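Me: Here is a structure I would like to go through with you, asking at each step what a term rests on. Please set each value against its definition before you conclude.

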Amino acid sequence: MNRMKVALAALLLFAAGHASAETPVTAKLADVKLPRYEQVRLPNGLTLLLMERHDVPLIAFHGRLRGGALADPQGKEGVGAIAAELIQKGSGKRNAQQFAEAVDSVGGQLSVSAGREATTISAEFMAKDRGLMLELLSDILRRPSLPKEEFEKVSQREIESIRAAKDGDPRNLVPRYFNAFLFASHPYGRAASESSLGTIAHEDVANYVRDQFGADRAIFAFVGAFDAKSFAAEVRKTFGDWKKASGALAAAGDTKPATGRRVLLVDKPDATQTYFSIGNVGMARTDSDRVLADVANIAFGGRFTSMLNTELRIKSGLSYGASSSLVRETKPGTVSINSYTKTETTGKALDLALEVLGRLRSDGLDATTLASVQRYAVGQFPPTLETGGQLAARLTELSFYGLDRSDVETYASKIQSAEREGVQRVINRLYPAEENLTFVLVGNAAEIREVAKKYGEVTEIKITDPRFAP
Amino acid sequence: MKKAATLLTLCLIAMPLFGQKKAPAPPAIGSDVASKTLKNGMKVIVWPDHDIPNVAMFVWYRVGSRNEYAGITGLSHFFEHMMFNGAKKYGAGEFDGVMEANGGRNNAYTNQNVTVYQNWFPRTALELIFDLEADRMQHLAFDEKVIESERGVVYSERRSGVDNNNNGLLYEQVQAAAFLAHPYHIPVIGWPSDIESWKHEDLVRFFKTYYAPNNATMIVVGDVTPAEVFKLAETWIEPIPAQPPPDPIRTKEPEQLGERRVVVEKDAQVPLIQMAYHSGAATDPDNDALDLLLTILSRGESSRLYRRLVAEERVALDVSMFRATAFDPSLTWLTATVLAGIDPARVEKIIDEEMAKVISDGVTEAELQKATNIAAANFWRSMRTISGKAQSLGNYETFYGDYSRLFDQPALYDAVTREEIQKVAAKIFRKTNRTVGTLVPKQVAAAQETN
């Protein structure tokens, strides 16, 4: 089992021997090398990536079909999401029940979901069932039967699952509101909601599948226990005659940071805690500063001892957790601070979060923090590429964004060569100034309405409103 | 998955017989796990895996909310937080700071039975992690100011997981109603008034009683050798003295005499239903059959309950079942999200019909085969990462007293018969053996009141 060939020599220098609190700063951890994989583009435009791995008798699949929610018609947000479910409810010679039986009976896993810019398919089957796995993948993508009665069920469940989420842990909800409020009319702000889902007809979904699915939109990665040469032939046989997509490829225009301050207050009357996000538009996946942005974000809110968690949790006990996140896609996504605190301390926690943001922008990272973040980022990188599923997802991601293996293989050395000045420059570019912030607060509006006004012009909606933005 | 289980068995038996004549057969999975018990009673289990230059080290303490009582409910979980808040060599905040500065990351969790500390780190930090664990196992400090601050953190965790989360809220109520006598009625996060009032001396007593090396097991999986891990354990952990073993939990839950019902009225758009059936402890021999039965009833869209409740009659959004892994007899749960506007009683009626059916007619051969195939595939999924391996080893060692049972599990599932499944269904899924909880939207409850 040597899935990740890491030059061990450098590591072994520091193997068990002393227990000083810090390994030497010069400890140069080796870059992670991606194991060998085959990449081919079939004549119909399908990109195929194959990596052999024999540690467990499983085959992992990850696929991306360009389009996703971007291809949802305006006002009918959620068509792609319904399509992702409906293609699993009958295809080829199987109806919904037979399809479920086929997957479950061999202990397989298969899921499809519509992301913002792509429909993603994940699957994992025992290696001996690879023939069935290919047949099922091919059926759902090429021969979905889209039965009307299943459409009714799927669209009802999509609506109900949003309602159920609104009764659940609010931590899972805030990002949906933040995204919808920040991007507003830009396609990145489109969110499937109870109201948009209610307008979708079976025909909309049928059109979506007909126009958006096709070989030239697809990137497939298989990682696992197979012989790459013969398996490639099987995949070619199954997908080689898949037609190209007939509709136009949806694309998003540039996203721009919002200027000024505004607040969306979502009233959840029985909430005893206020859940909030603060942020703006950040950076794209392919940005040349992306590694420096990782360094900055780990320090700011990407690990337990980050600046945000130190202030809002460790030192003050205001919250169970505070973090910052970067969503990076073809165009810049969100950069945000995320936390929560009991209703009574809402203002205190928001002020503290803003103070930490101000400090990040004015002071950047000191040398000790930078060194710590560098070791942390490099030390935690190998486990992100440990399983077949992780590797398959990474291979399709690189291909989707037009990146190559160097994105992975130079990551550690780029992290290690980061310097304070470069990180400071990226901080000031990436994290918004205090006058340009968008806020989302989910909580008991009667108690926090006055507090919310301090941070900008407030728009208020109810959690039971059937949409995520005004 | 008849296949993988057969393969495992063959490897175990065939190797000594044929190993010398032919090219050596690949070693059976798990054959390279090594273990050693230190003089202070702590067992160390090591599984080398050199795929990535990283290590997963988990320390399992045999303490959880079952060791609590009125006044200190939630203390085990609070203690889990305090284990990161400073000891002797590494003061407040340094445990995390030093670990992260050396490329490591950690987490921990508490349940009714155990508290588990998880460290994931590059192998360069191996000895440092021993140093950190030894320091807090021996010399934990309890700073008053830190205790007060951490109360706020834990209460915030409770608000997210229970108070502002309808499923978490109902779960707590059903759990509490299902046990009259046994401390499994205590919520792991603790009742709010206890979170606000437990004392310094409660923590000190808890530490001395439960955080002893003889009450813990250490699992190390990753880019290491057993020899180097054992040597480090001898250096750092072995000098920590053992303590008298904690008192056993004496209370046994008396048999339930009739169905219990709990209703929660709450702001909600969708109703919820949960059922908790009394079932066996982790070592109960019925569990292999029970696990396969739960798969047949609720795993995947081909399962019996999903088909009836979600696909065919469209009364629920989802349904799931699971069995608690516990030292003492515990619960097997069913939870379902009811569609808005549907009466939970309709969902309950269908569940009752399905339970009656499996008790009277049993399961089919195809269903049994499916369930063993799912179990086999899941076994391999748990073997994909060093973290997954560490979790599985710790689970089997702690609850069965023997990590190697992990590697027998696929064959044990393979041996389950349809008759055994039918028998366990009849034993567990009786109305008199369950607590039924429903969460009813306030508006609906008010309307029913006026009628």
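Me: What makes helix H10 of chain A roughly parallel to helix H11 of chain A?

Reply: The axes of H10 (residues 290-301) and H11 (residues 307-315) of chain A come within 3 Å and cross at roughly 10°, where axes are lines fitted to C-alpha atoms, for helices over the stretch in contact, and angles run from 0 to 180 degrees between N-to-C directions. Angles under 35 degrees count as roughly parallel, over 145 as roughly antiparallel, 65 to 115 as roughly perpendicular and the rest as oblique, and therefore H10(A) is roughly parallel to H11(A). Helices here are DSSP runs of H or I with at least four residues, and strands are runs of E with at least two, numbered from the N terminus. This is a predicted model, in which local features need pLDDT of at least 70 and side-chain atom pairs count only at pLDDT 80 or more, while totals for chains, interfaces and linings use all residues. Residues are numbered from 1 along each chain as its sequence is written, and chains are lettered from A and ligands numbered from 1 in the order in which they are written.

Me: Which residues make the contact of H10(A) with H11(A)?

Reply: A:Ala299, A:Phe300 and A:Gly301 of H10(A) meet A:Met307, A:Leu308 and A:Asn309 of H11(A), contact being C-beta atoms, placed from the backbone, that lie within 7 Å.

Me: Why are strands E1 and E4 of chain B said to stand at the edges?

Reply: The open sheet has the order E1-E2-E6-E3-E5-E4 in chain B, with mixed pairing, and two strands pair if DSSP finds at least two bridges between them. E1 (34-37) and E4 (105-110) of chain B each have a single partner strand, so one side of each is left without a neighbour in the sheet.

Me: How do you know that E4(B) pairs with E5(B)?

Reply: Six bridges join E4(B) to strand E5 (residues 115-122) of chain B, and the two run antiparallel; B:Ala108, for instance, has B:Tyr117 in E5(B) as its bridge partner.

Me: What is the radius of gyration of chain A set against?

Reply: The rule for a globule is 2.2 Å times the number of residues to the power 0.38, and the radius is taken over C-alpha atoms. With 470 residues, a compact globule would have a value near 23 Å, and because chain A has 24 Å, the two agree.

Me: How many residues of chain A touch chain B?

Reply: In chain A, 72 residues are in contact with 70 residues of chain B, and the largest share of that side of chain A, eight residues, comes from H5(A).

Definitions and conventions
Two residues are in contact if their C-beta atoms, placed from the backbone, lie within 7 Å.
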